[in-house]
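This report looks at charged side chains and how they pair. Please view the structure first, then read on.

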Amino acid sequence: MTTLSYDATGAARQAHDQHLPALLEDRVATRIFAKDATLWGPDAEAEASVRLGWVEAATVSQPLVADILALRDALRSEGVTRIVLCGMGGSSLAPEVIAGTAGVELTVLDSTDPEQVGAALADRLAETAIVVSSKSGSTLETDSQRRIFEDAFTEAGVDAKSRIIIVTDPGSPLDKASREAGYRAVFNADPNVGGRYSALTAFGLVPCGLAGVDIQAFLDEAEEAAEVLNDDSEDNIGLALGTALGGTNPLRNKIVIAEDGSGIVGFADWAEQLIAESTGKLGTGVLPVVAGPASPEATLGAPDVLVIRLVAADADDVQLGENEVAIAGGLPTQMMTWEFATAVAGRLLGINPFDQPDVEAAKVAARGLLDAQPEPTPARFTDGAIEVRGGDWLGTSATAAEAVSALLAELGDDGYLSVQAYFDRLAYAPLEGVRDQLAALSGRPVTFGWGPRFLHSTGQFHKGGPAIGVFLQVTASSATDLAIPDRPFTFGELISAQAAGDAQVLSEHGRPVLRLHLTDRAAGVLQLQDLVTSLAGQAAPSTKS
């Protein structure tokens with residue numbers, strides 16, 4: 001049975017009271033489930049008309065279950081017990097959350113870092129099958145991952161075609177090429193569902209089902225949730241969450257999503273890409289900030305911040321502060337609710353929640369740099385294991401610590417800092433610890449994203465949302481590199497071009513970008529952690545808000 005609970009205070013409660021009558025009068029809930037593409041205005045109608053399949057995904061996807069489970073059993077009978085997912089953005093974040101919450105092993109390869117790719121290749125290759133997920137079939141990162149795994153299987157004497165499973169839209173270039181290549185299986189997803197809304201389609205179900213998740217139970221709960229949300233009622237929690245996300249007045253455009261006992265592993269990372277890519281455009285939108293319940297953003301009470309706590313369904317007497325929301329529910333129910341609420345928020349914000357007009361810019365810049373192979377921009381200076389690059393705002397900075405301080409000085413009272421680390425997110429996961437320290441140091445919200453995967457999520461907000469961000473990009477040299485079969489560039493060159501391309505686009509948008517390149521990964525990470533800790537220790541508690 002579907003259970004979902006919601007409570008709100010302050011600005012979120014006021015937004016609900018302000019907007020709910022009109023949402024009910026306009027029958028927004030039932031019109032969303034009726035796939036009414038006119039809800040977001042004439043400019044969005046064409047896109048919305050081919051992007052509302054997610055409302056019925058839990059039902060439409062039911063026939064996939066038998067085929068997925070049959071393939072899982074066949075693979076296991078052949079000794080294949082490890083599933084690697086090659087995907088980016090919504091194609092990887094949803095399966096990672098689903099598998100992690102179920103306690104099922106799924107290796108998610110959503111990076112072009114040569115060391116992270118190399119680690120995935122080196123682990124139990126003989127027992128591995130890969131799921132290659134790409135809606136368009138032309139995603140450069142995913143194509144590169146498929147190429148190197150196919151080559152590795154062949155070199156190891158494994159029939160590569162028997163170990164490659166494809167998930168893509170029908171008729172995509174990948175769909176046609178994969179069938180011609182004779183890969184083990186090709187699953188088609190509903191083309192009328194965008195990538196970030198695709199958790200309940202083949203993109204979420206195939207890798208998780210093959211890995212061992214009970215996808216039948218997952219879909220059954222999601223179907224129940226859809227029935228609950230498809231109701232023009234004042235008790236509709238999806239409408240309430242939508243008003244909190246997009247209806248506060250003045251708009252609280254930093255949404256802190258804090259895991260606070262829900263038991264859902266990594267949900268905030270999935271919600272981050274859903275909300276940022278859906279709302280961050282036309283100079284507006286809301287920026288999700290993945291943080292903890294005691295993180296600085298959750299406690300400072302800034303006027304542009306709203307806190308949403310993900311709590312346990314059986315939590316007793318949740319104490320909310322001012323301008324906070326608490327929401328509880330099972331993972332399938334939460335996914336349906338947040339997708340629905342994001343669509344509602346798009347209507348309140350006056351934007352199209354189904355396009356991503358600024359995501360392509362960084363991809364184009366990266367491809368241009370790969371083709372041109374320009375010399376790297378010279379460092380302004382080197383401090384230990386860190387090369388420093390940045391604009392004129394660096395002033396007389398002569399150390400990495402001074403450069404970070406100069407970047408933070410560019411933050412406005414309504415701004416945010418985005419930390420973007422372009423290297424192995426698994427081996428260097430502790431680096432994320434600098435996020436809370438930087439938030440305390442700056443007194444402003446801080447996002448932390450691993451490149452290049454964040455380009456498929458918050459990357460849209462950074463370029464299309466309000467021009468209030470400052471950016472700390474961290475790249476790293478690698479002791480090893482990996483060639484990409486039949487491509488004129490390596491993984492190391494690819495991730496370098498992606499970082500440089502994104503920095504270029506952000507700079508062209510007038511955003512301050514500080515680029516710290518670690519000439520030695522281990523030493524550079526320690527140096528960066530130490531300098532942030534030192535800066536935080538030297539600074540008095542900030543009152544910026």
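Is Arg124 buried, partly exposed or exposed? In this predicted model, Arg124 has a relative accessible area of 31%, so Arg124 is partly exposed. Its salt-bridge partner is Glu105, which is also partly exposed, with a relative accessible area of 43%.

Side chains of opposite charge can pair when their charged atoms come close. A search of the whole structure finds 32 salt bridges. The table gives three of these pairs.

| Pair | Closest N and O atoms |
|---|---|
| Arg124 and Glu105 | 2.5 Å |
| Asp110 and Arg425 | 3.0 Å |
| Arg444 and Asp304 | 2.4 Å |

The salt bridge of Arg444 with Asp304 connects two loops: Arg444 lies between H18 and strand S14 (446-450), and Asp304 lies between helix H14 (296-299) and strand S9 (305-311), so the pair ties together parts that are 140 residues apart in sequence. Arg444 is buried, at 1% relative accessibility, and Asp304 is buried at 10%.

The salt bridge of Asp110 with Arg425 links distant parts of the chain, 315 residues apart. Asp110 is in the loop between S3 and H7, while Arg425 is in the loop between strand S13 (416-422) and helix H18 (434-442). Asp110 is buried at 2% relative accessible area, and Arg425 is buried at 11%.

Some salt bridges share partners: Asp143, Arg146, Arg147, Glu150 and Arg487 are joined in this way into one network.

Charges also gather in a patch. Asp214, Asp220, Glu224 and Glu227 form a negative surface patch. Among them, Asp220 sits in helix H11 (residues 215-229) and is partly exposed, at 35% relative accessibility.

Conventions:
Residues are numbered from 1 along each chain as its sequence is written. This is a predicted model: local features need pLDDT of at least 70, side-chain atom pairs count only at pLDDT 80 or more; totals for chains, interfaces and linings use all residues. Side-chain values use heavy atoms; hydrogens and water are left out. Patches are made of residues with over 30% relative accessible area and no salt bridge: like charges are joined within 9 Å, nonpolar side chains (Val, Leu, Ile, Met, Phe, Trp, Tyr) within 5 Å. Accessible areas come from the Shrake-Rupley method with a 1.4 Å probe; for residues, only the protein chains shown count as cover. A salt bridge is a side-chain nitrogen of Lys or Arg within 4 Å of a carboxyl oxygen of Asp or Glu. Lys and Arg count as positive and Asp and Glu as negative; His and the chain ends are not counted. The place of a charge is taken as NZ of Lys, CZ of Arg, CG of Asp or CD of Glu. Helices (H or I, at least four residues) and strands (E, at least two) are DSSP runs, numbered from the N terminus. Buried means under 20% relative accessible area, exposed over 50%, partly exposed in between (1.4 Å probe, protein chains only).
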